[in-house]
Amino acid sequence: MIRRPPRSTLSSSSAASDVYKRQDYVWDDFVYHAAQNLLKEGIGVMYIDNFCSRGARTVWRDQSKVPLINGAIDALMALKVLQSHPRSNGKFGTTGHSRGGTNSFFMADVKLTSKFLGGTKGFDAILPEAAECRMAGFFAEPELTSNTTMLVVHGGADDYTLAKFCKEHAERIKAPPGKVKIDIKEGWYHAWHAGKKPWREKMAMTLHDCPDFYVDNDGRFTNPIWIEWMVNKHKKYPSVEAFYETAQTEPRKAWKTAFKVMKKEKCISKGVTIGGDNADAYMPQFINFFKDCLLYTSDAADEEDSVDL
């Protein structure tokens, strides 16, 4: 007899495969031990590579190589596969750090998931870490998938992806009481479980001074500055409709164009602090969240949840 385990997916950060060759930005040690601990608890793990099949090893230098939304779509397609897996108990979780955390926020919104999964359900447990919540293109009026419990974790000292914007976004999510929780870790930086003391990344770019980027329920920018910049001031597109058409059909081109405009507007800054040795302090919370959300607890459920091999 073997117990049918739930599944958890892990999405890539911007560093992705680059972490294996750049010893100054290593978060995979935490991911490895987190996966091992989940497996010990009877929770299966799937890694999702958003990059290699698209010809990218990393996107931390150029985020346009793989548009953010691609990672969320990859995970939703993985969920469809896992839902039909004969050794699953029907419960699924997802997590990720930085870019992977941003993907996790995308996958919590029923307006996106319903396009790929149908209905109102998605992942049962979602844990975004250190997400970019101001410039990712989230819905301005987010609504949680109906079966989801969400824990948002962010470093209070993170100057790469700011905690306050994720706190504000999480508080905007339409959800039943207690289904979205927020934990800001005071003094923790981006990549807080990197396994070494925080260090400066002088070339890392931030967009904190650029106009925010959210969309309405029709996918239109809520901040009018983007239309003013792209169409009127810098004349990158002949019309508003041409702007939206490119954003939908050629997202990489649209992002590169927007980046050039932001450089001209001088709203891009460089230099952040990342890293930390908080893996051991964080690991119990990480594991317990998925245990609480994904594992059956009753004897009857355990009996029902077994299968002969």
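## A buried aromatic pair

W188 and Y282 are both buried. This is a predicted model. The two residues form an aromatic pair with edge-to-face geometry. An angle over 60 degrees counts as edge-to-face. W188 sits in the loop between β8 and β9, while Y282 belongs to helix α9 (residues 279-294), so the pair ties together parts that are 94 residues apart in sequence.

## Other aromatic contacts

A pair of aromatic rings is described by the distance of the centres and the angle of the planes. F213 and F221 have ring centres 4.8 Å apart and planes at 70°, so this pair is edge-to-face. F221 is buried, with a relative accessible area of 17%; the cut-off for buried is under 20%.

The structure holds 18 aromatic pairs. One aromatic cluster is formed by F30, W188, W192, Y282, F286, F289 and F290.

## Overall make-up

Ten helices and twelve strands make up the secondary structure of the protein. The protein has 309 residues, and 53% of them are buried. Among contacts with a separation of 6 or more, 80% are between residues 24 or more positions apart.

## Nonpolar cores

In soluble globular proteins, nonpolar side chains tend to be buried together. Here the largest nonpolar core has 28 residues. F105, F123, C133, F138 and M150 have the most contacts inside it. Four elements each supply at least two residues of this core: α2 (68-83), α3, β7 (149-155) and α5 (163-172). Helix α2 gives the most, with six residues.

What does F138 touch, not counting residues up to four places away in sequence? The list is T102, F105, F106, E132, C133, H169, F213, Y214 and V215. F105 and C133 share with F138 a place among the residues with the most contacts inside the core. F213 is also the partner of F221 in the edge-to-face pair.

## Packing of α6 on α7

How do helices α6 (residues 225-233) and α7 (residues 240-249) pack? Their angle is about 100°, and their axes are 9 Å apart. That angle makes α6 roughly perpendicular to α7. The range counted as roughly perpendicular is 65 to 115 degrees.

From α6, the contact uses W226, I227, M230 and V231. From α7, it uses V240, F243 and Y244. By class, this contact has seven nonpolar residues, no polar ones and no charged ones.

S98 has a positive phi of about 60°, although it is not a glycine. Its place is the loop between β4 (92-97) and α3 (99-106). Is S98 buried or exposed? S98 is buried, with a relative accessible area of 10%.

A191 is also not a glycine, and its phi is positive, at about 60°. It is found in the loop between β8 (180-185) and β9 (196-206). A191 is buried, with a relative accessible area of 1%. W188 of the aromatic pair lies in the loop between β8 and β9 too.

Methods. Residues numbered from 1 in each chain as written. Heavy atoms only, no water. Buried < 20%, exposed > 50% of the residue type's maximum accessible area, 1.4 Å probe, protein only. Core = buried A, V, L, I, M, F, W, Y, C linked by side-chain atoms within 4.5 Å. Contact = heavy atoms within 4.5 Å. Axes fitted to C-alpha atoms, helices over the stretch in contact; angles between N-to-C directions. Parallel < 35°, antiparallel > 145°, perpendicular 65-115°, else oblique. Nonpolar A, V, L, I, M, F, W, Y, C, P; charged D, E, K, R; others polar. Phe/Tyr/Trp six-rings, centres within 6.5 Å; stacked < 30°, edge-to-face > 60°.
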